[in-house]
Amino acid sequence: MTEDPKAAGGRPETQVRIGQGVQGRRELLVKALWIAVWLVFLSSPIQDLTGGRHTTAGTVAGTIGLTVFVCAYLTLVFRQMGKPFAPRTVALLLGTLLVLAPALTFGLGTQWTGLFVYLSVACGATLPLRLAYWAIPGSAIVMYLVGLRWGVYSVDDNMLMVVLIGFAMVGVGQLVRTTIELRKARATVAQLAANEERLRLARDLHDLLGHSLSLITLKSELAGRMLPEHPDKAAQQVSDIEQVSRQALVDVREAVTGYRRPRLAVELAGTQVALTAAGVTAELPPEPDLAGVPEEAESALAWALREAVTNVVRHSGADRCAVRLTHRQTLDGPMLELAVEDDGSGTGNGGFGNGLTGLTERLEKAGGTLEAGRVKHGFRLVARVPLAPVGDVGSGA
């Protein structure tokens, strides 16, 4: 996988993570602006307070009530977009809105009916579905009943807005809750996959080493008994122990190498995550068709993709990166071609330094080739590997 783009000098993540707490000033500002836009419905109450229509006591009471209402609303909705409050805290804040909205509208006039929009939004964003389906129309009904106090006897656009915006927030609340559940499920799946991998490694090592270590133990005991009277036979046993030990070491190295070998599909998924986190638009192929690709060749392509994307994130300054996987027929036989191209300026002479040399060696070992260099609008790396084992290429099989 590629390095963290922030630590490696890449661009910081610009997306707002739904259902997560605020992390950093940028996310705090984005979420604050997103919520502040919807405070437009407070313009009428503020104009009413500053218009001099009420007594001094009424103006002070209205200012205090509006301040408490806005603080409770922002606290409830802002926190609900990240890590939700406990149900008791949600009920307390929602109860505050439920009391203040009709009280201020009843006491100060119809200019305050916009508060019911915020009450409906809070109900839709925080309440369970069954309660929200009743609470949102209930807010509109309470708004209508309070309007009777000021001689408003008709259903107007404000009531319709209360209902529509409330139910829209039900969808947003469902999205937030679903995203949170998906994150938990993904973390659980990752943990289960890691546990399964550890169990598989334990089983393989047991199968590899169980017989070898048992044989070494048996021959060591035999050598110990033979040593005083039959040193020549004891020496033969020691020689057998050495051979078994060497073979066991080879088996373990091969097993570990297999576990460490990267897979192209996994690297493509990691590429999507790394480029998106770095603010680079990613153009990736669908799930690759790797039929006929030897494991060593696939591993070499995966290393090439990892190195190329790492350097795109760290050094290129690119806005777009395209990855292509193409099956080609060449004079040397069928090949699988990986092309990584970005539109960045790169660094230095456009090379990857020692990484380019290492990639060339890996690909040559798998029978492939590597081409890399500047193009008209950026940098392009092309890696090719044969679709058959090196010894079979050109054999007519």
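Colleague: Where does A122 lie in this predicted model?

Modeller: A122 lies in helix α5.

Colleague: Is A122 buried or exposed?

Modeller: A122 has a relative accessible area of 0%. Buried means under 20%, so A122 is buried.

Colleague: Which residues does A122 touch, apart from those up to four places away in sequence?

Modeller: With those set aside, A122 touches L76, L94, L97 and L127.

Colleague: What should I look for in a nonpolar core?

Modeller: In soluble globular proteins, nonpolar side chains tend to be buried together. Here the largest nonpolar core has 39 residues, and L97 and L115 have the most contacts inside it. At least two residues of this core come from each of α3 (56-80), α4 (87-108), α5 (115-126), α6 (129-148) and α7 (157-226).

Colleague: Which helix gives the most to this core?

Modeller: That is α5, with 9 residues.

Colleague: What is L115 in contact with, leaving aside its neighbours within four places in sequence?

Modeller: The contacts of L115 are then L42, L66, F69, A101 and L104. There is also a second, separate core of 31 residues, and A278, L305, V323 and L338 are among its members.

Colleague: How do I read the packing of two helices?

Modeller: Two packed helices are described by the angle between their axes and the distance between the axes. For α5 and α6 the angle is about 170 degrees, and the axes are 9 Å apart. Angles over 145 degrees count as roughly antiparallel, so α5 is roughly antiparallel to α6.

Colleague: Which residues of α5 and α6 meet?

Modeller: From α5 there are F116, L119, S120, C123 and G124; they meet A132, A135, I136, S139, V142, M143 and V146 in α6. Sorted by class, this contact has 9 nonpolar, 3 polar and no charged residues.

Colleague: At what angle do α9 and α10 pack?

Modeller: Helix α9 (residues 264-277) and helix α10 (residues 295-316) pack at about 10 degrees, and their axes are 9 Å apart. Angles under 35 degrees count as roughly parallel, so α9 is roughly parallel to α10. On the α9 side, L264, E267, L268, T271, A274 and L275 take part, meeting E298, L301, A302, L305, R306, V309, V312 and V313 in α10. The class count for the contact of α9 with α10 is 10 nonpolar, 1 polar and 3 charged residues. L305 of α10 is also one of the residues of the second core.

Colleague: Where is D343 found?

Modeller: D343 is in the loop between β3 (333-342) and α11 (354-365). Its relative accessible area is 32%. The partly exposed class falls between the buried limit of 20% and the exposed limit of 50%, so D343 is partly exposed.

Colleague: What is D343 in contact with, leaving aside its neighbours within four places in sequence?

Modeller: D343 is in contact with A318, D319, R320, H377 and G378. As for distance, D343 and A322 are 21 residues apart in sequence and 9.1 Å apart in space, C-alpha to C-alpha.

Colleague: Is T50 buried or exposed?

Modeller: T50, in helix α2 (residues 43-50), has 65% relative accessibility. Exposed means over 50%, so T50 counts as exposed. T50 and T63 are 13 residues apart along the chain, and 9.8 Å separates their C-alpha atoms.

Colleague: How many helices and strands does the protein chain have?

Modeller: The protein chain has 11 helices and 5 strands. Of its 397 residues, 36% are buried. Among contacts with a separation of 6 or more, 68% are between residues 24 or more positions apart. The accessible surface comes to about 22,900 Å², and carbon and sulfur atoms hold 61% of that.

Key
Residues are numbered from 1 along each chain as its sequence is written. This is a predicted model: local features need pLDDT of at least 70, side-chain atom pairs count only at pLDDT 80 or more; totals for chains, interfaces and linings use all residues. Side-chain values use heavy atoms; hydrogens and water are left out. Helices (H or I, at least four residues) and strands (E, at least two) are DSSP runs, numbered from the N terminus. Buried means under 20% relative accessible area, exposed over 50%, partly exposed in between (1.4 Å probe, protein chains only). Contact means heavy atoms within 4.5 Å. Accessible areas come from the Shrake-Rupley method with a 1.4 Å probe; for residues, only the protein chains shown count as cover. A nonpolar core is a set of buried Ala, Val, Leu, Ile, Met, Phe, Trp, Tyr and Cys residues joined through side-chain atoms within 4.5 Å. Axes are lines fitted to C-alpha atoms, for helices over the stretch in contact, and angles run from 0 to 180 degrees between N-to-C directions. Angles under 35 degrees count as roughly parallel, over 145 as roughly antiparallel, 65 to 115 as roughly perpendicular and the rest as oblique. Ala, Val, Leu, Ile, Met, Phe, Trp, Tyr, Cys and Pro count as nonpolar, Asp, Glu, Lys and Arg as charged, and the others, Gly among them, as polar.
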